[in-house]
Amino acid sequence: MAAVAEENETETKIESACYYKAIIIGAGIAGISAAHHLVKNGETDFKILEARNRIGGRIVSIPLGEDQVDLGASWIHGVLGNPIYELAVSNRLINLTNDQDPHAVVATTEEGKRVPISVVEEVYNAYFWFSKRCEEYFLLHLQTPPQIDSVGKHLEMDIAAYLQQYEGDDVVMRRKVFDHLLSRETCITGCHSMDETSLSEFGSYTELPGGNVRIPGGFSLVIDLLADILPKECIRLQCEVKHIKWKMKKQNESSKESNPSCDGAASNQIVIECNDGTKWHAKHVIVTLPLGVLKAKAEELFEPKLPEYKIECLENLSFGVVNKIYLEYDRPFLNAEISEVITLWARTEETDMSKIWFRKIYSFRRYTENILLAWISGHEAEFLETLSEEQVATTCTDILRKFLNDPYVPKPCKVVCTSWKSHPFSRGSYTYIGVKGSQRDIDLLATPIYADPYHSKPALMFAGEATHSSFYSTTHGAFLSGKKCAELLLEPDSDSNHKHEKNQQCTTDKDMSSWIRGIDLS
């Protein structure tokens, strides 16, 4: 795909006058998935417009030392029925014969005191069932308790009741483990605090069985596989979309005659204007922009404005910030049997973010022999983006020395921190359903828009992890949403009186069965 960037400048004038059946906005996994499925079915009359200078979106792998690390998506969440897993296995990105390393952890306090693993396991088990109770309100259609609208409030209610059976140091020690788990949960969910996450909708996310699987060569290999069959000229990089004029009148014959090389110009009703001055014309547009970008830009991006229900969906849904800290060392310093150092912080009344941001780090996990990985979410993750690598290196070294009670823990030779909130083409990490949102908001966000009620196919389609009501926040959710849009475009044209209500549904029985039984990737 490197050739695409080189050709962008020379092709600008020619391409700006051309018309396409479809324009795909965004070359993340949803956009690449849509294009992949179009090409597989013989449809190449489309163009992908990508604002970045690369494809992949929130999937990006970089070399660190002798290894590849993922700055964005890094896990295949679930095995059974996961199309990303099946794609990775069928292309030998994952070696099924390799056993995963044993997950041996050490949990310590700020004083360097180790907490017995039996206590950690006890609290983990209790927390697991507390979390499952929160999911049941959605799954069993139960009424939430009065005044408890968030997962955080419900968990705190259960934790308080659980701790009543203990006294003194036993309470303090277990409370620290619960706080560690709550910080971990914010990174999984994508929020700042679990108090922001809807209790009634917590079970709406469907967890596929089989655990989490990492691709040793980096998640970008999945993007490369999907993009491999695409014509090299179908992607235009560094082309940020400024306006989508999606309800245009048909061009008259004189306009058509002025562009004789562009057949069917009169039937192309959507005009896309980009910051580089180019204009693109299409019958259909697949919008795969991240929720964070849509929340910030939708009002100025679409002409005319999106329907009110779409705007409400964008306001109701939440887009959190989760960042990673990679620490590379010249040589390993942890005991070879230890795979994770759990940091059990004491509670503090301090509010100065510069003095507390690092307390959101719930563990340091061994990524490779010489690399440790820490996660951080919410406001603390945003503050991290203001710090230098040297500041992060010093702070993390102090933490490890304190918690391991070892003044000789070395300083990392290199630090890599992500900054998803600051990036203008992501503006965050992934979607979660906050206390004012619902699964229905995701369904409505995914609903295609028809420029005319008599058109058999929509003008605007929406894809991306934020548009999958069961698999939001995941790569397989984004992949399936892009595939769904491609399938909609590939349907045979029907007469103008044909009703299109079925196309507005986010899922079908066929899709659901394919998720359960596995996706055919042939």
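Which residue forms a salt bridge with K21, and how far apart are the closest N and O atoms? K21 pairs with E43, and the closest N and O atoms are 3.3 Å apart. A salt bridge here is a side-chain nitrogen of Lys or Arg within 4 Å of a carboxyl oxygen of Asp or Glu.

## Basis of the values

This is a predicted model, in which local features need pLDDT of at least 70 and side-chain atom pairs count only at pLDDT 80 or more, while totals for chains, interfaces and linings use all residues. Residues are numbered from 1 along each chain as its sequence is written, and side-chain values use heavy atoms, with hydrogens and water left out.

## Overall make-up

The chain holds 16 helices and 20 strands. Helices (H or I, at least four residues) and strands (E, at least two) are DSSP runs, numbered from the N terminus. Of the 522 residues, 54% are buried. Buried means under 20% relative accessible area, exposed means over 50%, and partly exposed lies in between (1.4 Å probe, protein chains only).

The chain exposes about 24,200 Å², and carbon and sulfur atoms supply 49% of that area. Accessible areas come from the Shrake-Rupley method with a 1.4 Å probe; for residues, only the protein chains shown count as cover. Among contacts with a separation of 6 or more, 77% are between residues 24 or more positions apart. Contact means heavy atoms within 4.5 Å.

## The six-stranded sheet

Six strands form an open sheet with mixed pairing, in the order β6-β15-β16-β17-β14-β18. Two strands pair if DSSP finds at least two bridges between them. β6 (105-109) and β18 (414-417) stand at the edges with a single partner strand each, so one side of each has no neighbour in the sheet. The twist from one strand to the next averages 20 degrees. For such angles, axes are lines fitted to C-alpha atoms, for helices over the stretch in contact, and the angles run from 0 to 180 degrees between N-to-C directions.

A107 has I342 in β15 as its bridge partner. The loop between β6 and α4 contains G112, which counts as buried because its relative accessibility is 18%. G112 and F403 are 291 residues apart in sequence, yet their C-alpha atoms are 4.4 Å apart. Leaving aside neighbours within four places in sequence, G112 is in contact with K402, F403 and N405.

## Salt bridges

The count comes to 20 salt bridges. In the K21-E43 pair, K21 belongs to strand β1 (residues 19-25) and E43 to the loop between α2 (29-40) and β2 (46-49), 22 residues apart. K21 is partly exposed at 23% relative accessibility, whereas E43 is buried at 18%.

E156, R175, D179 and R347 are linked in a network of salt bridges. R347 lies in the loop between β15 and α11 (353-356) and E156 in helix α5, 191 residues apart. R347 counts as exposed at 58% relative accessibility, and E156 as partly exposed at 29%. D179 and R175 meet in a salt bridge with an N to O distance of 2.7 Å. Both lie in helix α6 (residues 169-189), four residues apart, about one turn of the helix. D179 and R175 are both buried.

## The loop between α4 and α5

L140 lies in the loop between α4 (117-139) and α5 (151-163). L140 is exposed, with 51% relative accessibility. Together L139, L140 and L142 make a nonpolar surface patch of about 280 Å². Patches consist of residues with over 30% relative accessible area and no salt bridge; like charges are joined within 9 Å, and nonpolar side chains (Val, Leu, Ile, Met, Phe, Trp, Tyr) within 5 Å.

Q147 is in the loop between α4 and α5. Its phi is near 65 degrees, a positive value in a residue other than glycine. Q147 is exposed, at 74% relative accessibility.

## Other backbone features

Q238 also has a positive phi, near 50 degrees, and is not a glycine. Q238 sits in the loop between β8 (235-236) and β9 (241-245) and counts as exposed at 52% relative accessibility.

E303 and P304 are joined by a cis peptide bond, with omega about -5 degrees. P304 lies in the loop between β12 (302-303) and α10 (308-316).
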